[in-house]
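User: I have a chain open and would like to talk it through. Can you take me from the overall layout down to single residues?

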Amino acid sequence: MSEKFEIGAVVAGKVTGIQPYGAFVALDESTQGLVHISEITHGFVKDINEHLKVGDEVKVKVLSIDSAAGKIGLSIRATEEAPERTEAPKKAPKKRQASVKATSHIESTEGFNTLKDKLQEWIEQSQREDLIKK
């Protein structure tokens, strides 16, 4: 098996079976390998059947050979040029998220007080006899 094929070689094959985890590809009459679902194409593959069907002729790259187990790992993706990555459009914040607006240097009486502003008030409250639990 490993005498016929080398790791890194690009060879033609024929899809002989499809499973949820990948596609089996015959490389010759006596040798077949597996193209894992992650090696089908660039991007996410939800259903292999949307990309391949039994009988398809495909070009595959040999990724690994395990002679002891009799397994050959293949990739269709490695024979294709990767698509250019485009920058994803920026999403607008969800409506439930608050946005922070710049405020002027004039203090506002509305909204939240900072800890610094409240600290003195809390110290005074903690020292008041009528608020201390006995």
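Analyst: We can start with the chain as a whole and then go to strands, a residue and a surface patch. Keep in mind that this is a predicted model.

User: Which elements does the chain have, and in what order do they run?

Analyst: The chain has 1 helix and 5 strands. Starting at the N terminus, the order is β-β-β-β-β-α.

User: How much of the chain counts as buried?

Analyst: Of its 134 residues, 22% count as buried. The chain exposes about 11,300 Å², and 53% of that comes from carbon and sulfur atoms.

User: And the contacts, what share join residues at least 24 apart?

Analyst: That share is 55%, taken among contacts between residues at least 6 apart in sequence.

User: On to β2. What does it pair with?

Analyst: Strand β1 (residues 10–19) pairs with β2 in the antiparallel sense, over 5 bridges. β2 is also joined by 5 bridges to strand β3 (residues 32–36), and these two run antiparallel as well.

User: Why is β2 described as largely enclosed?

Analyst: Because 4 of the 5 residues of β2 (residues 22–26) are buried, the strand is largely enclosed by the rest of the structure.

User: What does its side chain reach?

Analyst: The Ser75 side chain reaches two backbone nitrogens: that of Arg77 at 3.3 Å and that of Ala78 at 2.9 Å.

User: Last one, the surface. Which residues form the nonpolar patch?

Analyst: The patch consists of Leu115, Leu119, Trp122 and Ile123, with about 400 Å² of accessible area together. Ile123 belongs to helix α1 (residues 115–127).

User: How exposed is Ile123?

Analyst: Ile123 is partly exposed, at a relative accessible area of 33%.

How values were computed:
Residues numbered from 1 in each chain as written. Predicted model: local features only at pLDDT ≥ 70, side-chain atom pairs only at ≥ 80, totals over all residues. Heavy atoms only, no water. Patch = residues over 30% accessible without salt bridge, like charges linked within 9 Å, V, L, I, M, F, W, Y side chains within 5 Å. Areas by Shrake-Rupley, 256 points an atom, 1.4 Å probe, with all protein chains shown as cover. Salt bridge = Lys/Arg side-chain N within 4 Å of Asp/Glu carboxyl O. Buried < 20%, exposed > 50% of the residue type's maximum accessible area, 1.4 Å probe, protein only. Pairing = 2+ DSSP bridges. Polar contact = N/O pair within 3.5 Å; in protein donor to acceptor, adjacent residues only side chain to side chain. Contact = heavy atoms within 4.5 Å.
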